[in-house]
Amino acid sequence: VQLQASGGGLVQAGGSLRLSCAASGIVFRLYDMGWYRQAPGKQRELVAAITSGSSTNYAESVKGRFTISRDNAKNTVYLQMNSLKPEDTAVYYCNAAVRQISYWGKGTLVTVKG
């Protein structure tokens with residue numbers, strides 16, 4: 001199983017980035033997908049999630065700014081991040097979960113300069 005996250009980088013406050021996570025080795029359409037982030041010195045937290053049925057859930061801190069979506073034909077989940085703030089700076093991780101099974105990808109670093 002591989003979850004390959006990409007799209008991170010350095011952006012000015014107020015800017016946008018789009019993260020992608022391409023999955024392989026799983027039946028993607030059956031999995032709930034999530035984006036998590038971990039800032040230096042902080043615990044990993046859920047940013048956004050999308051179920052296999054495409055229901056979405058967001059952390060309060062990103063509601064109205066971030067959008068999670070999935071393309072089952074491409075086995076890929078996306079995180080569109082707009083109006084970025086310095087406090088969004090973190091390593092962002094992709095997660096795939098179904099029942100008690102959970103897979104993590106390597107993170108992608110997002111740095112927002114104020």
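Start at Tyr36, which is partly exposed, with a relative accessible area of 22%. The model is predicted. Tyr36 pairs with Trp104 in an edge-to-face arrangement, 4.8 Å centre to centre and 65 degrees between the planes. Tyr36 sits in strand β4 and Trp104 in strand β10, so by position the pair links distant parts of the chain, 68 residues apart. Trp104 is also partly exposed, at a relative accessible area of 40%.

Trp104 has a charged neighbour. The charged end of Arg44 sits over its ring, 4.6 Å from the centre. Arg44 also lies over the face of Tyr93, at 3.7 Å from the ring centre.

The count of aromatic pairs comes to two. The other pair is Tyr31 with Tyr103, and it is tilted: 6.3 Å centre to centre, 35 degrees between the planes. Tyr31 lies in the loop between β3 and β4, Tyr103 in strand β10, 72 residues apart. Is Tyr31 buried or exposed? Tyr31 counts as buried because its relative accessibility is 9%, and the cut-off for buried is under 20%. Tyr103 is partly exposed, with a relative accessible area of 28%.

Now move to the core. In soluble globular proteins, nonpolar side chains tend to be buried together. Here the largest nonpolar core has 32 residues. Those with the most contacts inside it are Met33, Trp35, Val77, Leu79, Met81 and Tyr92. Several strands each supply at least two residues of this core, among them β1 (2-6), β4 (32-38) and β8 (76-81). Strand β9 gives the most, with five residues.

Take Met33 as an example. Setting aside residues up to four places away in sequence, Met33 touches residues including Leu3, Phe28, Ile50, Ile68, Val77 and Cys94.

The structure holds one. It joins Cys21 to Cys94, with an S to S distance of 2.1 Å. Cys21 is in strand β3 (residues 17-24) and Cys94 in strand β9 (residues 90-98), 73 residues apart. Both cysteines are buried. The torsion about the S-S bond is about -85 degrees, so the disulfide is left-handed.

Two loop residues remain. Most residues other than glycine have a negative phi. Asn75 has a positive phi of about 55 degrees although it is not a glycine. Asn75 is found in the loop between β7 and β8 and is partly exposed, with a relative accessible area of 25%. Arg99 has a positive phi of about 50 degrees, again without being a glycine. Arg99 is in the loop between β9 and β10 (101-104). Arg99 is exposed, with a relative accessible area of 77%.

Conventions: Residues numbered from 1 in each chain as written. Predicted model: local features only at pLDDT ≥ 70, side-chain atom pairs only at ≥ 80, totals over all residues. Heavy atoms only, no water. Disulfide = S-S within 2.5 Å. Helix = DSSP H or I, 4+ residues; strand = E, 2+ residues; numbered from the N terminus. Buried < 20%, exposed > 50% of the residue type's maximum accessible area, 1.4 Å probe, protein only. Core = buried A, V, L, I, M, F, W, Y, C linked by side-chain atoms within 4.5 Å. Contact = heavy atoms within 4.5 Å. Phe/Tyr/Trp six-rings, centres within 6.5 Å; stacked < 30°, edge-to-face > 60°. Lys NZ or Arg CZ within 6 Å of the ring centre and 35° of its normal.
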